[in-house]
Amino acid sequence: MAQYKIETHLHTAEGSKCGWATGCEQAEARFMEGYSTIIVTDHFFRGNTRPERSLPWEEYVEQFCSGYEHAKERGDEIGLTVLFGLEDNYQGSEFLIYGLDKDWLKKNPGMREWTPWQEYEHVHGDGGYMVQAHPFREASYLFGFGLYPMFTDAVEGINAAQTKAMNDRAVWYAKQFDKPMTAGSDIHGISNVGGGILSPHPIRTIEDYINMIRNREDYELIEIHRPDKAPGGPPGADYFAKIEKQKAEMKAFADAAAAKLREGR
Ligand SMILES: [Zn+2]
Ligand SMILES: [Zn+2]
C-alpha cells in the first residue's frame, strides 16, 4: 500500500526566529527525504516569531506568511504539496492552528490578546482546527504545563523534538480526553528528522488534513523522539561545510524534479 509522508510541524527562517532554513530550502530538503506534503507552522506573534512585532499588523502578517509562500512556490515547481498553518503561544502553551489563511490573520489583529477559549471560538467559527502542541514540553523558561483540553481539537502525541517520556505523557493526555493525535518533527532546519504522519491517502489540501485527523482515519504517527542526552558542544567548521554540501545536493535534486515536471506539462 502506498504511504504518503506528511510533515505537520515545520518552521522557516522567514517566519520563526529559531528557524534557520528558508521556506525554499525547507521544501527542497523535505522533498528529497520523500515527504509528499508539508505544513508550515511558524511561530506567531506571541511565540518566537521572526518579523518585528512593532510593524503595522498587515505588514507583520505579510512577513510572517512569506516563509510559507516561499516554500509553496518551490513546492509547486518540484511537486511537493505545501500547506499553511501557524503555531500560536499562550503563556508558554503552544497551539498548532490549521485551516486559516493570510486574509484571516489580517482580519483578526485582536488575536494577539486572545485567551485559548477565545481563540478556539474564533478559529472554530471560521472552519479552523486547533491542536495542542507538545503539551509536556519542558524548558528552562517554562514553569509548568498549561493544558487546555476543552479548547483544543487534538493533541500532538509525538513531537520529534521531545524525549520519549514527554511524548508518552502527551499520548496519555490525549487518551484521557479522547482526543485524536497528530505527530510532527517540529523541524527548524534542513537536517533530517523524519517525523510526522503516514497516510494511505495523499493530502492535497488543509481540509484533507483536518478531516483525516478529525475523523481518525487510518493514519500512522511516526515514532521518533529526541534522545535524552543532547549532543555536546557547539558545531565546528566541518559541520557548516556539511550543511553547505547538503544544500547543494538538495537544490540539484529539486532542480531535476522541477525540470521533469515542466517536461510533463
Ligand atoms: Zn521554534
Ligand atoms: Zn514548533
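These notebook entries record what I looked up in the predicted model.

**Conventions.** I number residues from 1 along each chain as its sequence is written, with chains lettered from A and ligands numbered from 1 in the order in which they are written. Because the model is predicted, local features need pLDDT of at least 70 and side-chain atom pairs count only at pLDDT 80 or more, whereas totals for chains, interfaces and linings use all residues.

**Entry 1: helix 1.** I took helices (H or I, at least four residues) and strands (E, at least two) as DSSP runs numbered from the N terminus. I then checked burial, where buried stands for 20 or more other C-beta atoms within 10 Å of a residue's own, exposed for 12 or fewer, and partly exposed for in between, with C-beta atoms placed from the backbone.

**Entry 2: helix 1 against helix 7.** I found that the two axes come within 9 Å and cross at roughly 80°; axes are lines fitted to C-alpha atoms, for helices over the stretch in contact, and angles run from 0 to 180 degrees between N-to-C directions. Helix 1 is therefore roughly perpendicular to helix 7, a term for angles of 65 to 115 degrees. Among the residues making the contact are Phe-31 and Met-32 of helix 1 and Met-250 and Phe-253 of helix 7. I count two residues as in contact if their C-beta atoms, placed from the backbone, lie within 7 Å.

**Entry 3: helix 2.** I recorded 22 residues and a reach of 32 Å from the first C-alpha to the last, close to the 32 Å expected at 1.5 Å a residue; the expected span is 1.5 Å times one less than the number of residues. Helix 2 bends by about 40° at Ser-66, the bend being the angle between axes fitted to the seven residues ending there and the seven starting there. Its buried residues include Tyr-60, Phe-64, His-70 and Arg-74. Just after helix 2, Gly-79 takes a positive phi of about 95°.

**Entry 4: Thr-8.** I located Thr-8 in strand 1 (residues 4–10). Thr-8 is buried, with 28 other C-beta atoms within 10 Å. Leaving aside neighbours within four places in sequence, Thr-8 is in contact with residues including Ile-39, Thr-182 and Ile-197. I also noted a C-alpha separation of 9.2 Å between Thr-8 and Leu-83, 75 residues apart along the chain.

Conventions:
Angles under 35 degrees count as roughly parallel, over 145 as roughly antiparallel, 65 to 115 as roughly perpendicular and the rest as oblique.
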